[in-house]
Amino acid sequence: MNISYSQPLADEQATCRFGAQLVNLIYPFTHEHGVVIYLNGELGAGKTTLSRGMIQGLGYQGNVKSPTYTLVETYHVAERDIYHFDLYRLNDPEELEFMGIRDYFSAQAICLIEWAEKGEGVLNSADLFVNIDYDNDTRRIELSANSTLGAEIITQLQQHPITL
Ligand SMILES: Nc1ncnc2c1ncn2[C@@H]1O[C@H](COP(=O)(O)OP(=O)(O)O)[C@@H](O)[C@H]1O
Ligand SMILES: [Mg+2]
């Protein structure tokens, strides 16, 4: 599958805004095992910033902190469960089994996963891959589809590009 969408992100605020619009586009889509998004990019690329934009963009008013030490932070907002993972510090994918990872992939879930490669073999596969790359002082985001659901979301994005 090669359905993708790419856009520059001038600064942190642009990344937040992108996230807010993206999540509102994703919101109507549900799937038996949730909507699964892998967030890829180097440390400091903006994965957590994008997640914050998505969670607050759904209407969550509180603080969105990085799940670096907790592995996952949960937000219940707009009748969806958002699970924001950061698996950077995961030593063994098996730890995810002990966490009861299966329960996170439920119909109302939107799973945002930083460092998903650390959970390889245990995590559900992604519907969408999001890559954030450094471009000097700015960033470029690229989304690509990895499922039929992901392709539907990208098709929507292509038809209604995000304006920042
Ligand atoms: N376009 C941009 N989008 C997101 N963050 C940016 C951007 N430009 C600069 N930054 C800075 O980069 C850092 C991104 O941090 P963070 O979102 O925690 O990254 P990650 O989760 O990928 O490690 C922040 O300090 C932010 O201010
Ligand atoms: Mg992060």
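Helix α2 supplies the largest share of the shell around ligand 1, with 3 residues. Helices are DSSP runs of H or I of at least four residues, strands are runs of E of at least two, and both are numbered from the N terminus. The model is predicted, so local features need pLDDT of at least 70 and side-chain atom pairs pLDDT 80 or more, while totals for chains, interfaces and linings use all residues. Residues are numbered from 1 along each chain as written, chains are lettered from A and ligands numbered from 1 in written order, and side-chain values use heavy atoms, without hydrogens or water.

The shell around ligand 1 holds 16 residues, each with a heavy atom within 4 Å of the ligand. E12, T15, G44, K47 and T49 are the closest. By class, the shell has 4 nonpolar, 5 polar and 7 charged residues, with Gly counted as polar.

Polar contacts here are pairs of N or O atoms within 3.5 Å; within protein, one must be able to donate a hydrogen and the other to accept it, and residues adjacent in sequence count only if both atoms are side-chain atoms. A nitrogen atom of ligand 1 lies 3.2 Å from a polar backbone atom of D11. An N or O atom in the E12 side chain is 2.6 Å from a ligand 1 oxygen. For R139, a polar side-chain atom is 3.0 Å from an oxygen atom of ligand 1. Of the 570 Å² of accessible area that ligand 1 has on its own, the protein covers 73%, by the Shrake-Rupley method with a 1.4 Å probe.

E73 belongs to strand β3 (residues 72-77). The side chains of E73 and T70 form a polar contact of 2.9 Å.
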